[in-house]
Every structure is written in C-alpha cells, then in structure tokens.
Amino acid sequence: MSAATETGKPMLPAALPGQLGYLALAAVTVAAALVLPFDDYIMHILVQTATYAIAVFGLSVVLGLCGQINLAQAAFFGFGAYAVGLGAGDWHLSFWLSLALGAAITLVMGALLGMSTLRLGGHYLAMVTISFQQIVTLIMINWVSVTHGPDGVGNIPRPDLFASAHGFLAFCVAALAFVGFLVWRLPETKLGRSMRAVRDNELAASVAGIDVYRTKVAAFALCALLGGIGGGLFAGGFSYVSPDQFSFAESIVFLTMALLGGVASPIGALIGTGLLIVLPETLRFLKSVPGLYLAIYGLAVILIIRFMPDGIWGFFQARLRRWFPARPYATAARDLVLAPAKGESEAVLEVEGLSKHFGGLKAVDGVSLSVRRGGVHALIGPNGSGKTTTLNVLSGIYTPTAGKIALDGLDITLYPPHARTAAGLGRTFQNIRLFRSMTALENVVIGAEHPGNAVTDAASLVDRARSALAFVGLEPRALNEVTSFSYGHQRLIEIARALAGNPTLLLLDEPAAGLNSTEKVELRDLLRRIAAKGLTILIIDHDMTLVSDVAEHITVLNFGRRIADGVAAEVLRDPDVIAAYLGSEPDVPHRA
Amino acid sequence: MDLALQLLFTGIGIGAVYALVALGFVLIFRATNVVNFAQGEFSMVAAFMMVVFAVDLDWPYWLSFIVSLIGMAILGAVFNLGVYYPLRNRSFLPVIIATIGASIFLANTVLALYGPQPQVLQGWFDTPGIQLGPVYLDSQYLLIIAVTIVLVVFQYWFFEHTLIGKKLQATSQDKEMASLLGIPVSMMIMLTFVYSALLGGIAGILVAPILFVSIQMGATIALKAFAATIIGGFGDVAGAIIGGLALGVIETFGAAYVSVPYKDGFAFLVLVAFLVFRPQGIFGERVAEKA
C-alpha cells in the first residue's frame, strides 16, 4: 500500500482541538441515533453499518497500518456473533459476558493464527487465513449439536439497558465512535509507529529496534478482536445469526469495504462500509441474479487496487495535504547529545571466530575482530570478501554458523536484530532502507524509540529526532516525505535514524556508495563529527580515500578470512592487502 | 489392507490433481514472485467450459477438451494483461489482493451465468475401470495419473532442453539480467500465465467427473494446491508434486478413517503443522532477505 494516513503532518503535537471535535461529533451522532425517528429498515441498515465498520476498522489496523493481509475477518466476526448468539441465547449467560467471552476468544484465535504464520511471508498469511475461514464455516455448518448447523441461532436477546432498537443503535454508534477513536489515534502511539515501520520495511524496522514478529502478531490479534466485537454487536442487533453471514464471501466484502474507502484510515473504513451497505440496497436488481453482485465486488477490488490504491478517503486526503502543506518548526532544534555506554572493557565490540556458511559457501570463515572504544574502525576487502555478510551477522540479520559476538561486554551472538539495537547497536544499509511512506522526522523518531534509549514521551522523541536531523543538516526539511530527498540526503537520514537511537556502536554499510565527490567530503566530515562526540564507528567501504581519511584502525577480509588487522597506515602498506586488491596471484590465501 | 490399497490409489489420483494446480502456482510464483490466488478458478472455469461444450452443446469429448484448452489459454493471457501486468512494479500485497479479486470475479461471474446448481460431467472413457487384485482401478483416476506423469515429463523436457524453456528459467531467476540479454521478459511472463492456466484447466477437466462441477471447486482445489506447495517447499517443482500427492493420500485416509464432513479440514491441519514445525517444507531451504 502507498501513502499512509498521517504523513506530512507533524507527528506528535497534541491534536487536542481535533480530539474535542471528534468527541462532540460522536456525542451528536449518538444523540441522533437515540431520537431520530428512523423506520425499521433504516435502523437495520444503520446497525449493520456500525457493526460492520468496527470489523473493517480491524482491517485498517492489520492491512492499512501493518501491511498484513487477513482474509478471515468474517470468520472472526462470526466467532463474536456466535459467542453472543449461543451465550446469551442458548446458554442464558448475560449479553455482556457473552460479548466479552467472544472478544477474548477472537483475540486468542487471532494471536494463535498470527503466531503460526507471521514469521513467514505474506502469501502464507493470505492462504492460511482463507483456510481458517473455510474451517470455521465448516464447523458452523457441521457441528449441529452446538451451532444448530445451517439453521443458525435465533432469539438472541439484547442487554436490558439497550433493549429498544434506538437504544441498541445508540450503543453500537457509541462503540463505533470509541473504537474509531482508538484506531484513529493508533498511528501516533509506539505500537502504531512500529506497525507502520513494519509495513514499510521489515528489515529496517528490526534494526531500528522493533520486534517485527510481535508487532505483526499484535496487529493481527487486534484486527481479530475488532472483528469479534463487531460480530457480537451484530448478533445483538439482528437477534439471528447463520453460517452464510460469515462466509469467505463476506470476508471479501469486508476487504472491499476497507480498500474502497481507504485502507489506511478509520474514516476511509467508515466511508467504504457505508457505501457498500447502502449501494447494494439501492441496486437491488443486482441481487436477483446470484453471484452478479460479488462478481462486481471482485472486479471492484481489481480496479481499486489498480487505479485508486489509497481508496476514496486517501484520494481526498492527498488533495487536502497539497493545499495545506505542513509548516516547518519555528524553534531551533537542540544540539544532538550522543552518550554511548561506557563499559569496562577497552573493546566495544569483540568478535571471535565468526563464521557464516551458506551451504558449502563460506562467506565468512573464522573472522576475529576487536573494535576499540572511540574512533573509527574500517572493515575493507575486495568484492565478495564477506564484508556485508559480516555486518549482517553482527546486526543479527543472519545467525552465525559459529563464533561469538560481544557488544560492550554483553554476549549478543544469539540476539535477534531488535534486541541488539536495544543493547546499543545502530546500523545503516548499503541499499537505503527508509520507511518510504513517512516523513524524514517520522523515520528518525522510529529510530529514537526503542527499549534501551531513555527517550520515551512524544515531545522528547520529536526533540531527539529533530536534533539528530539537525546534526546531519536536514532539520529544516524534517516534515518532508523521505521520498522527496536526494539519494545522498536519504543516506544522511538513515544515519540520523541510527544516531537518534543513541547507539554504543554505529555500523555503516558502504555509506559512500553512490555519492558524488562533494557528498563524499560532507560524509567524511560528518563521520569525524560523530567520532568527535565519542561514538565508535565500524565502517565498510570501498572508497579508500574515505577509509584512509577517517579510520584509525583497519581490518581486511578476503575470501571470508581476515588477512590483516591493525593501525590504518600499516595495514594499507601490507603486501598481502595490496595483493588482495590488485590480484597478485601467489599471495591470495588458499580458499578452503 | 485391501481398503488401504484402494484408498492409496484414490488418494494418489486426487493428489495428482492438486499437484497439477500446485505446479501452476509454482511456475507463476517463480516467474513473478507472486502467488496467483485465482489459480484454482482456472480449474473451475475449464470444468464449466467442458460442461457447456460436451454436455450442453453435445460436442465430442475430445473437441470440447481442445476448445476448452484454447479458452483457458486466452483466459491466462487476459488474466496476465488485466490483473498482473498493470501491477507488476508494485509490491506483492496489491498484486495478491488483485488476484484474490480476480478469483472472486471469476467464480461469481460463472455463478451469475450458470446458476448455483452443481453440474455433472461424464468421464473420458466409457469403461468405468478395471479390477486389479483387491484394488478397483477407476478409469478416470488412471487417466489423471497418466496425464500428470506425461505433463511432468513434458515440463521437465521443456524447461531443461528447449531454448524457450531456458529463457523462461532465466526470466524467473533474474528479470533484469534476462531483459539485458535480449529475452522478451513480458512475453515470457505472458507465456507462464498461459501455461499455468492450461495446467489448471487440465486439472479441472480431469477432476470434474470425480467431483461435481461447482463454483466452489476452484477455491477448494486452490487451497489444497497451496498447502501442497508449502508441504513440498515453496517454489520447488518436485516439492509441489510430492506435496500434492501426499496431501491427496492424507486427505483420502482422513476422510475414510476420521470424518467425511471435515475432509477439507485436513489440508489445513497439515498446512499449519508444516508452517509451525517445518515452514521451509520438505525440499525448501530457509532463505533470508538480503540486506
């Protein structure tokens, strides 16, 4: 999916007027639901819209915010509905208890389903959710002794407090407003930011300190929960539920609603839901031919994805943003404070016998490396010598085949990437990995926000991010989309993102690649300024001028092995190193 | 024991159908890195075409078969142009959503045109089958197994020993490099879609006399075929075939010894078991994203 909801706006200043306005609007709508004299038909449509919209909000979270697909939302909706139907109807539990049980069950089901699949790619999730949907439908139809099979469950009571049609509608609208508020504010929370980061770039999210898997599971479970709540209210509203209301086709209807309105925002979800409930009602002739109406939905999905990927609301929002661009900050950013942890040991990074084999290929083979605290250490070597693999093993993207990695005295060999970030590792990528739907500031805020970094509240996160951007010279454009920056500037934003996290050790993967000569000089000065603040840097680069200008210490790899290590000037004179670069045959170490 | 042998035969026959559809999945996945969620609908559409030509119009079976396959080739091409091609430069999520949309569109268009009543299609042969010792070999199942073997051998020869097969392989491995070498990449992807539609179509036509020809058959077959690809190892051709056969056998035994109404649920259970314990499948290797 492309552009997200909140991009282009300052991310965090308290949107108090907006929230009060929302509260007022919600109160007016609830009051209207209570007093306006709707006939039964309109009441039905309104209850359906409100309860469906809650389920579609779930898709805004999982698909819009987190970029994960869920094709079983109708199954979760059905779980909630059957929980209320069977609980309050058959078993004479209270409505509230049944609703809560249904919500709890969907939350657990969602979490379990997500946990089994979300480590894998999106295709798996799509197919697994379809399978799950079909299993749920099978059970609803075949487990007759409990579910009444195809006959469905009838005579579902409402709670005493909201027994009247108007009362129940008002309650549904209030629930919708409440859930809508939470979903609207979600992108401004840590969890919401993590979800957006995961959607944009999982790898970058993990090295920015986000637990990608947990974030995805949370998004998926939240989506299921909202489906369950919507379904429970639906059962109360219609007092009758049957398996065909919760089939795979309905999951597709939910998906179409989310896509049509705009998957990235609850406003879009509401627009989509309302339209797809009202439109088919007005086009009743379509329903006379079975299938026609879903065929149109299928076609609509293809057309929306192709021509209006941000949905109706996304389309308007892009226009609005163009007319009201965000204003830059009036106050100056503070100086960036880097306070790398000061441990006991002399070496900030201690690597022993590190190996990474891909099948028979020994990309990294028994490399030992010690990076001293303070200053710049360079890791160089010809193409294919294992530099980037080493960096990927260091930052936890690959698990090492053998060896030990200690950061500031702490053994991080088996840590996943986000835990290494928490332990004090920061890195950038050779091929830039920014969160492309976000502004520069939002990118850097995500870098600042991770366990192990002291900054937590919204205002200080923005402060921190602004000072990191100011440090690389891009603060005046903090509120611009990252995609509007030049290649060289995008690299600087990546460095700022790593710096904002206040790392103990900064890993830079070919930061000079693709830069022109002026930009390279700027980069050299930036690296010197970072080192002057006491932060240790481990840099990989091919640019020997840059390396010899900034590095005090150099380690050289060739064919996955360390061939030299020591003070920069000496290493660069080493005959083995010269041979490795210039290719004097007899000196090339034997490849195991 | 006799029952077990009989079930094994039936399971392999059904599994062969899953394997054919799974092959279609794998080919498109390898060429485009996208899973085509409408793959099962190719089978459904082809089965309905057979019903129209062979039953409604009463054409000869072989003629109906050929015309249906021509129809499938056209459908594969149109599918590529209408669904995949416009989105080829977007991330995988929009593309899979579009293929899901296409799947819903195809299934329900057929429903609108033909109604919800399941249709019956006769098998290819008039002879119902032969008795071999304790096992009764149904002719349609024998046909399915034979055709699957022929197609797998053909595909191996085609991809490994013809120039166009090599070009297809090059395209699936590295599109940019392939186009720099003068391989018409768009054309190769078009071919892949056409071929996958044909595979799905053949599977649908072969299985139609065993199942009823219904709107739901596409979704059911696609789900099984997808489970088969995961069991075998995603993207692996041999894995798709083994996975399909294994799934057919498991499902047939499950239906006979455990429960008939939940027959379609076994695929899901096997799928989840693999996802949790061996997500790379039987033949697959774990691959990490390159940083």
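1. Domain bounds here come from an automatic or database domain assignment. Chain A is split into domain 1 (45-253), domain 2 (345-424 + 504-592) and domain 3 (426-502). Between domain 1 and domain 3 of chain A, the C-alpha centres are 35 Å apart.

2. A word on provenance and numbering. This is a predicted model: local features need pLDDT of at least 70, side-chain atom pairs count only at pLDDT 80 or more, and totals for chains, interfaces and linings use all residues. Residues are numbered from 1 along each chain as its sequence is written, while chains are lettered from A and ligands numbered from 1 in the order in which they are written.

3. Domain 1 and domain 3 of chain A do touch. In contact are 11 residues of domain 1 and 15 residues of domain 3 (contact: C-beta atoms, placed from the backbone, within 7 Å). On the domain 1 side, α8 (190-200) and α9 (202-207) of chain A are the elements giving two or more residues. Helices (H or I, at least four residues) and strands (E, at least two) are DSSP runs, numbered from the N terminus. The top contributor is α8(A), with 5 residues. By class, this side of domain 1 has 5 nonpolar, 2 polar and 4 charged residues. Ala, Val, Leu, Ile, Met, Phe, Trp, Tyr, Cys and Pro count as nonpolar; Asp, Glu, Lys and Arg count as charged; the others, Gly among them, are polar.

4. Next, the sheet in chain A. Six strands form an open sheet with mixed pairing, in the order β6-β7-β8-β3-β9-β10. Strands count as paired if DSSP finds at least two bridges between them. β6 (425-427) and β10 (561-567) of chain A each have a single partner strand, so each edge strand has one side without a neighbour in the sheet. From one strand to the next, the twist averages 15°. Axes are lines fitted to C-alpha atoms, for helices over the stretch in contact, and angles run from 0 to 180 degrees between N-to-C directions.

5. β9 (553-558) and β10 of chain A pair antiparallel, over 6 bridges. Within this pair, A:Asn558 sits opposite A:Arg561 of β10(A). Helix α15 (387-394) of chain A packs on the sheet and touches β3 (376-380), β7 (505-509), β8 (536-540) and β9 of chain A. The direction of α15(A) makes about 145° with that of β7(A).

6. How many residues of α15(A) are buried? The count is 8 of 8 (buried: 20 or more other C-beta atoms within 10 Å of a residue's own, C-beta atoms being placed from the backbone). Among them are A:Lys387, A:Asn392 and A:Leu394. Just after the helix, A:Gly396 has a positive phi of about 90°.

7. Chain B has 11 helices and 2 strands. Its elements run α-α-α-α-β-β-α-α-α-α-α-α-α from the N terminus. For 291 residues, a compact globule would have a radius of gyration near 19 Å, and chain B agrees at 19 Å. The radius is taken over C-alpha atoms, and the globule rule is 2.2 Å times the number of residues to the power 0.38. Buried residues are 50% of chain B.

8. Last, the A-B contact. It takes 36 residues from chain B and 39 residues from chain A. α4 (92-114), α9 (217-232) and α11 (263-277) of chain B each supply at least two residues of the chain B side. The largest share, 15 residues, comes from α4(B). The chain B side has 30 nonpolar, 4 polar and 2 charged residues.

Key
Two residues are in contact if their C-beta atoms, placed from the backbone, lie within 7 Å. A residue is buried if 20 or more other C-beta atoms lie within 10 Å of its own, exposed if 12 or fewer, and partly exposed in between; C-beta atoms are placed from the backbone.
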